[in-house]
Amino acid sequence: WYQRRVRDTYDTGNITFLWDHEDEHKFHIAVDSRYICYQLTSKVITCSSTTTMVIDDKKVNTTPMSTMCIPPPMSYSQLVTNSTCNTVGCHGDDAWLLCSDRTIHRFNNVSHSPPGEIMPDESYTLEREFPLDSHTCIRHLVMVTQSKAYCVALVNDADALLTLELSDKEVFVVSCMTLEDTAVNMVQHPGTGTIVVQLYSGELFELHDGMLEPWGSVNMRECARFSEMEIAVFEEEMVVIGRTSFNHLYMDTRLWNYVCT
């Protein structure tokens, strides 16, 4: 067991909590007359296909797996920030940490980082004028270039896809598109740059220039909701490989294995 995140309910009453019996990523909390449900996500982050990263509150533990094998929570290096890291995006061998204080920190050449704690090479701050419902709900960072990125944030009680531009130590919101449902996954293929977004309904969409288009030729409304997913090339075609909370392994809508951990 390993502590990953602390959530303060800011209540002093009777607290009851329970993990969901069917969805291993859903956590229920009852505080007196108030009910809270957290839908957690799981993601393995890699940079340059060799360095693994594990978010640990205000640090991201990194290990270059091509040269050594150090199991989490231990690590070879630690990328350090001033606030809780929500998500990590990669471009080449650089890592970008999106944190709860509206900042994005850049760490260069993480695969060749020395052991111990590493401080950011550059930091960018999200423009203060842009409204966010909660800073902790900024997630799913995908770096398209070193100056352009996509992420998902909670805006006006709904998930929104933000197009970001990084310039002069600031992060500017170029566009904001409200999504029909909660975004549970957003991944990028490292070779082609293809980006796929999955909503809570299970639908898959490809992201093109800030717009969402249905993924593939099949009816993706029948797709399972994935706890983890990646994009791969299979028989010269781009496919989505996903694992559900029931440990079922899918390729797009095709069930490949009933027990995959």
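**Salt bridges in the chain**

Guide: In this predicted model, Arg 139 and Asp 159 are both buried.

Visitor: In which strands do Arg 139 and Asp 159 lie, the pair that links distant parts of the chain?

Guide: The side chains of Arg 139 and Asp 159 meet in a salt bridge, at 2.3 Å from N to O. The two residues are 20 residues apart, and the pair links distant parts of the chain. Arg 139 belongs to strand 13 (residues 139-143), and Asp 159 to strand 15.

Visitor: Why does Arg 106 count as buried?

Guide: Arg 106 lies in strand 10, which covers residues 103-107. A residue is called buried when its relative accessible area is under 20%. Arg 106 counts as buried because its relative accessibility is 11%.

Visitor: Which residue forms a salt bridge with Arg 106?

Guide: The closest N and O atoms of this pair are 2.9 Å apart. The partner lies in strand 9 (residues 94-99), 12 residues apart from Arg 106. Both residues of the pair are buried. The partner is Asp 94.

Visitor: How many residues apart in sequence are the parts that Lys 169 and Glu 122 tie together?

Guide: Lys 169 forms a salt bridge with Glu 122, with the closest N and O atoms 3.6 Å apart. Lys 169 lies in the loop between strand 15 (158-167) and strand 16 (170-178), whereas Glu 122 lies in strand 12 (residues 122-126), so the parts tied together are separated in sequence by 47 residues.

Visitor: Which residues are linked in a network of salt bridges?

Guide: Arg 106 is in contact with several residues, including Asp 94 and Glu 122. Glu 122 in turn forms a salt bridge with Lys 169. The network of salt bridges links Asp 94, Arg 106, Glu 122 and Lys 169.

How values were computed: Residues numbered from 1 in each chain as written. Predicted model: local features only at pLDDT ≥ 70, side-chain atom pairs only at ≥ 80, totals over all residues. Heavy atoms only, no water. Helix = DSSP H or I, 4+ residues; strand = E, 2+ residues; numbered from the N terminus. Buried < 20%, exposed > 50% of the residue type's maximum accessible area, 1.4 Å probe, protein only. Contact = heavy atoms within 4.5 Å. Salt bridge = Lys/Arg side-chain N within 4 Å of Asp/Glu carboxyl O. Lists of a residue's contacts leave out its neighbours within four places in sequence.
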